[in-house]
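Student: Hi! I've got a new model open, so please walk me through it.
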Amino acid sequence: MFILLFLLLIETIFVKEIFVIDDYIYHHISKLISNNFTKFFKLVTHFGDAPILIGISIGSILFLKNKKIGMFMSLNLVINFIFNQYMKIFFERPRPIDLMIVEERGYSFPSGHSMISMAFYGFIIFLIWKYMKNKNLKWLYTILLGTLIIFIGTSRIYLGVHYASDVLAGFYFSIAYLIIYTTIISPKLNNAKSTKN
């Protein structure tokens, strides 16, 4: 379903050249522009930056008892980054130029921050539901990380470096990707856990 939504976005943007979603969402977000919101979204967007994501991945390898979790977390980050870079080069969509609160280079589609954050933090949510026993904490961390993912995507539109369709495409692709990735690696994580026990 999410692959279909991703493909429909591609058709809408690059074949029919309809930007209704982009105009509608940006029009409403642009009304929120203020110093406080700008500071907030500049801070939030950093949670999708490479140094933070790489740091978390390295920390998971160094400090988690189950080293396979850290390895699969790092592999997930690398694979998703490669997918994003190839798609940007393939689609060659220019970034919006009307308003850039921060400066970014490269192509716009799909949003790297949105796509990689969804895959990275989404994978952490998967791990939380796989290993954490406390249901209340499961829901708390899921809501917090889910909110962070949405805010990172929103920050890219607010800061003027991506169209809304770039963000949605990143989300759709990574959700579909995560379903496949977690299905493939889940047995390997189970084997690691059973071997340790």
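Student: Which way do α5 and α6 cross, left-handed or right-handed?
Tutor: Their crossing is right-handed, meaning the near helix is turned clockwise from the far one by less than a right angle. Helices here are DSSP runs (H or I, at least four residues), numbered from the N terminus. Keep in mind that the model is predicted: local features need pLDDT of at least 70, side-chain atom pairs need 80 or more, and totals for chains, interfaces and linings use all residues. Residues count from 1 along each chain as its sequence is written, and side-chain values use heavy atoms, leaving out hydrogens and water.

Student: At what angle do α5 and α6 cross?
Tutor: Roughly 155°, and the axes (lines fitted to C-alpha atoms over the stretch in contact, with angles from 0 to 180 degrees between N-to-C directions) come within 9 Å. So α5 and α6 are roughly antiparallel, the label for angles over 145 degrees.

Student: New topic: how many salt bridges are there?
Tutor: Three, each a Lys or Arg side-chain nitrogen within 4 Å of an Asp or Glu carboxyl oxygen. D22 pairs with R93 at 3.1 Å, N to O. That joins helix α2 to the loop between α5 and α6, 71 residues apart.

Student: What else does R93 pair with?
Tutor: D166, at 2.7 Å, N to O. D166 sits in helix α8, 73 residues from R93. Both R93 and D166 are buried, which is under 20% relative accessible area (1.4 Å probe, protein chains only).

Student: And D22, buried or exposed?
Tutor: D22 is buried too. Through shared partners, D22, R93 and D166 make one network.

Definitions and conventions:
Helices (H or I, at least four residues) and strands (E, at least two) are DSSP runs, numbered from the N terminus. Angles under 35 degrees count as roughly parallel, over 145 as roughly antiparallel, 65 to 115 as roughly perpendicular and the rest as oblique. Buried means under 20% relative accessible area, exposed over 50%, partly exposed in between (1.4 Å probe, protein chains only).
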